[in-house]
Amino acid sequence: MLAARLATRRSPPVLLFRGVPAGHGSFHSSAQQLRGAKVAVVLSGCGVYDGTEIHEASAILVHLSREGANVQMYAPNISQMHVIDHCKGQPAKGESRNVLIESARIARGKVTELNKLTARDHDAVIFPGGFGAAKNLSTFAVDGKDCKVNGEVERVLKDFNKAGKPIGMCCISPVLAAKVLPGTEVTVGHEEEEGGRWPYAGTAGTIKAMGGKHRVKEVTDAHVDTANKVVTTPAYMCETELHHIFDGIGTMVKHVLKMTGK
């Protein structure tokens with residue numbers, strides 16, 4: 001009897017085809033039914049030490065989803081500065097990875113080359129943090145205040161700024177706005193390390209040296225530059241619990257979406 005029941009049950013769907021789950025396309029198509037703000041999220045790889053900070057990216061996507069935003073993810077089709085062994089915290093010798101391909105891990109495969117991103121097609125753009133913003137989207141990790149920003153990243157920031165559309169940033173990514181949009185007000189948290197709670201506090205001074213204006217904020221807060229429509233939050237510039245990071249990013253996302261008027 002049991003054998004007969006098992007034999008008549010419908011077989012489970014095939015799960016893999018070249019490594020892609022069945023129903024992959026339909027999963028993503030559900031997002032296209034949303035009627036909220038159209039938000040671009042720019043990734044810089046996958047992994048805190050050489051790409052996008054995954055917790056920050058996930059938090060951004062959760063908050064955008066909760067608010068009904070229609071999200072499209074982008075990344076430059078370039079090689080990473082280097083590859084970091086995240087277990088050892090050291091460069092992996094002889095390895096090279098592509099930023100677009102690595103970003104597809106976070107985007108569940110649905111990621112578009114950054115050169116396709118235009119302000120005309122979106123209401124806002126958000127940049128998560130992670131060392132990829134300082135290594136792949138710019139040379140900030142190596143050159144500090146004298147850094148260069150990736151040409152497509154610079155174009156996107158200037159286009160959204162010129163169009164008067166909001167730009168959201170967290171963790172280290174505000175340095176991109178400080179470099180490309182002089183005079184912009186941003187936050188990376190506090191300006192003193194305070195016993196290790198703010199280990200990257202020196203970034204605030206570098207932002208000022210690049211012509212940006214730094215504003216001290218707590219990790220759960222966001223700073224809004226109303227003139228430039230740039231919204232920033234410290235995220236993992238602070239050594240703290242994940243839920244505080246999540247809440248601060250939520251504050252940033254809400255301000256960004258409010259500015260879209262959607």
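Modeller: Asparagine 98 is buried, with a relative accessible area of 18%. The cut-off for that word is under 20%. Keep in mind that this is a predicted model.

Biologist: Where is asparagine 98 found?

Modeller: Asparagine 98 is in the loop between strand E6 (90–91) and helix H4 (99–106). Its C-alpha atom is separated by 5.7 Å from that of glutamine 80. Along the chain, asparagine 98 and glutamine 80 are 18 residues apart.

Biologist: Now charges. How many salt bridges does the structure hold?

Modeller: The general idea comes before the count. Side chains of opposite charge can pair when their charged atoms come close. The structure holds eleven salt bridges. One of them joins lysine 158 and glutamate 154, at 2.9 Å from N to O.

Biologist: In which helix do lysine 158 and glutamate 154 lie?

Modeller: Both lie in helix H7 (residues 151–162). They are four residues apart, about one turn of the helix. Lysine 158 is partly exposed, at 41% relative accessibility. Glutamate 154 is partly exposed too, at 28%.

Biologist: Which residues do salt bridges with shared partners join into one network?

Modeller: Glu95, Arg97, Glu102 and Arg105. Look at the pair of glutamate 102 and arginine 97 in there. Their closest N and O atoms are 3.5 Å apart. Glutamate 102 is buried, with a relative accessible area of 6%. Arginine 97 is partly exposed, at 35%.

Biologist: What about aspartate 121 and arginine 120?

Modeller: They form a salt bridge, with the closest N and O atoms 3.8 Å apart. The limit is 4 Å, so this pair counts. Arginine 120 is exposed, at 68% relative accessibility. Aspartate 121 is partly exposed, at 38%.

Biologist: Which residues gather in a patch of negative charge on the surface?

Modeller: Glu192, Glu193, Glu194, Glu218 and Asp221. To join a patch, a residue needs over 30% relative accessible area and no salt bridge. Glutamate 193 has a relative accessible area of 45%, which makes it partly exposed. Glutamate 193 sits in the loop between strand E10 (185–186) and helix H9 (203–209). Glutamate 194 is in the loop between E10 and H9 as well. For glutamate 194 the relative accessible area is 45%, so it too is partly exposed.

Biologist: Turn to the backbone. What is the phi of glutamate 194?

Modeller: Most residues other than glycine have a negative phi. Glutamate 194 has a positive phi of about 55°, although it is not a glycine. Alanine 235 also has a positive phi, near 50°.

Biologist: Is alanine 235 buried or exposed?

Modeller: Buried, at 1% relative accessibility. Alanine 235 lies in the loop between strand E13 (230–233) and helix H10 (242–260).

Biologist: What are the relative accessible areas of cysteine 171 and cysteine 238?

Modeller: Cysteine 171 has 7% and is buried. Cysteine 238 is buried, with 0%.

Methods:
Residues numbered from 1 in each chain as written. Predicted model: local features only at pLDDT ≥ 70, side-chain atom pairs only at ≥ 80, totals over all residues. Heavy atoms only, no water. Patch = residues over 30% accessible without salt bridge, like charges linked within 9 Å, V, L, I, M, F, W, Y side chains within 5 Å. Areas by Shrake-Rupley, 256 points an atom, 1.4 Å probe, with all protein chains shown as cover. Salt bridge = Lys/Arg side-chain N within 4 Å of Asp/Glu carboxyl O. Lys, Arg positive; Asp, Glu negative; His and termini not counted. Charge placed at Lys NZ, Arg CZ, Asp CG, Glu CD. Helix = DSSP H or I, 4+ residues; strand = E, 2+ residues; numbered from the N terminus. Buried < 20%, exposed > 50% of the residue type's maximum accessible area, 1.4 Å probe, protein only.
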